[in-house]
Amino acid sequence: MRIGELAARAGTTTRTLRYYESRGLLPARRGENGYRTYDEHDLRLLRQIRTLQDFGFDLEETRPFVECLRAGHPEGDSCPASLAVYRRKLGELDTLIDELRSVRAQVAGQLVRAEQARDELAAESRVPGGPEPECELGGQTW
């Protein structure tokens, strides 16, 4: 198949395919007419790359999976280098999850403090002579 058909079947652009080719992820075969030619195996490589990128892997992290498929393995993630990338990615994800949990705890703490401050202000406003609660929203004071 030619580059346009491969791009359409893989759900990407011809520009992306040329980029993958320049990075050595997609083979650069040419027919007698000088046009790039591809086959079902190339489509499989592209689907592997796209799936991994959808999972958050950068392009270079897909290389071991592509090389595994090129080596004839039925799945791109059955080689030791691919497994190492999975392990490294899981470590990165665990770190991000921990960071997000920390941020979430901080935001939850801020919410609790803000609600307490609001409640205290509301209680003070009910006391004769207490302050009127003010809230600025969109340039208006309420």
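Guide: Two packed helices are described by the angle between their axes and the distance between the axes. In this predicted model, the axes of helix 1 (residues 3-10) and helix 2 (residues 14-22) come within 9 Å and cross at roughly 100°. Axes here are lines fitted to C-alpha atoms, for helices over the stretch in contact, with angles from 0 to 180 degrees between N-to-C directions. Helices are DSSP runs of H or I with at least four residues, strands are runs of E with at least two, and both are numbered from the N terminus.

Visitor: How are helix 1 and helix 2 oriented to each other?

Guide: They are roughly perpendicular. The cut-offs are under 35 degrees for roughly parallel, over 145 for roughly antiparallel, 65 to 115 for roughly perpendicular, and oblique for the rest.

Visitor: Which residues of helix 1 and helix 2 meet?

Guide: I3, G4, L6 and A7 of helix 1 meet T14, L17 and R18 of helix 2, where contact means heavy atoms within 4.5 Å. By class, this contact has four nonpolar, two polar and one charged residues. Ala, Val, Leu, Ile, Met, Phe, Trp, Tyr, Cys and Pro count as nonpolar, Asp, Glu, Lys and Arg as charged, and the others, Gly among them, as polar.

Visitor: Which residues of helix 2 are buried?

Guide: L17, Y20 and E21 are. Buried means under 20% relative accessible area, exposed over 50%, and partly exposed in between, using a 1.4 Å probe and protein chains only. Seen down the axis of helix 2, the buried residues fall within an arc of 100°, so they line one face of the helix; the arc is that of the directions from the helix axis to the C-beta atoms. These buried residues pack against helix 1 and helix 3 (40-54), while R15 and S22 are exposed on the other side of helix 2.

Visitor: What comes just after helix 2?

Guide: G24 takes a positive phi of about 80° there. L25 sits in the loop between helix 2 and helix 3, and L25 counts as buried because its relative accessibility is 1%. Leaving out residues up to four places away in sequence, L25 touches Y20, L45, I49, L59, T62, R63, V66 and R70.

Methods: Residues are numbered from 1 along each chain as its sequence is written. This is a predicted model: local features need pLDDT of at least 70, side-chain atom pairs count only at pLDDT 80 or more; totals for chains, interfaces and linings use all residues. Side-chain values use heavy atoms; hydrogens and water are left out.
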